[in-house]
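I opened the model to look up a few packing details. My entries follow in the order I checked them.

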Amino acid sequence: MNRFYTITSLIMPYSGDGSNMYGLRAEQLYEIQAAFHEMDANHNGYLSIGEIRQCLLRNNVRFNDSEIHRVLAQMDYNHDGRVSYDEYMYFMAQIYRGEF
């Protein structure tokens, strides 16, 4: 398993098929939403590099900053330096569906 998958699977584990706009089951959507809200420490609706870093530290995941930047860059579709709820949902749904 590569390190990128390890980091993203910590943020949200893989599974899924489904029947909604994300192609996921209701309980999977709930898990993704819960994880987002847990990481969004300042509750502004976005994940920053610092919030992602803190999530990894809390879960004892070893990482370096270049790995976090790479994950953030892949989630941050509009390239504004943070991950919105919609960007996160889209990205994590791809992981759940096994597309990433």
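I began with the contacts of Ile68, counting heavy atoms within 4.5 Å as a contact. Leaving aside neighbours within four places in sequence, I found Ile68 in contact with Ile49, Ile52, Arg53, Leu56 and Phe63. I looked up one of these pairs by C-alpha distance: Ile68 and Ile49 are 7.0 Å apart in space and 19 residues apart in sequence.

A note on the source: this is a predicted model, where local features need pLDDT of at least 70, side-chain atom pairs count only at pLDDT 80 or more, and totals for chains, interfaces and linings use all residues. Residues are numbered from 1 along each chain as its sequence is written, and side-chain values use heavy atoms, with hydrogens and water left out.

**Helix 4**

I placed Ile68 in helix 4, residues 65-75. Helices here are DSSP runs (H or I, at least four residues), numbered from the N terminus. Is Ile68 buried or exposed? Ile68 counts as buried, because its relative accessibility is 1%. The cut-offs are under 20% relative accessible area for buried, over 50% for exposed, and partly exposed in between, with a 1.4 Å probe and protein chains only.

I then listed the buried residues of helix 4: Glu67, Ile68, Val71, Leu72 and Met75. Seen down the axis of helix 4, they fall within an arc of 130 degrees, so they line one face of the helix. The arc is taken from the directions from the helix axis to the C-beta atoms.

**Core**

Next I checked the largest nonpolar core, which has 25 residues. Such a core is a set of buried Ala, Val, Leu, Ile, Met, Phe, Trp, Tyr and Cys residues joined through side-chain atoms within 4.5 Å. Leu24, Ile32, Leu47, Met75, Tyr88 and Met92 have the most contacts inside it. Helix 2 (26-39), helix 3 (49-58), helix 4 and helix 5 (85-96) each supply at least two residues of this core. Helix 5 gives the largest share, seven residues.

**Salt bridges**

I found four salt bridges in the structure. The criterion is a side-chain nitrogen of Lys or Arg within 4 Å of a carboxyl oxygen of Asp or Glu. Asp65 pairs with Arg53, with the closest N and O atoms 3.0 Å apart. Asp65 lies in helix 4 and Arg53 in helix 3, so this pair ties together parts twelve residues apart in sequence. Asp65 is partly exposed at 40%, and Arg53 is partly exposed at 23%.

I also noted Glu27 with Arg25, at 2.7 Å between the closest N and O atoms. Another is Glu99 with Arg97, at 2.9 Å between the closest N and O atoms.
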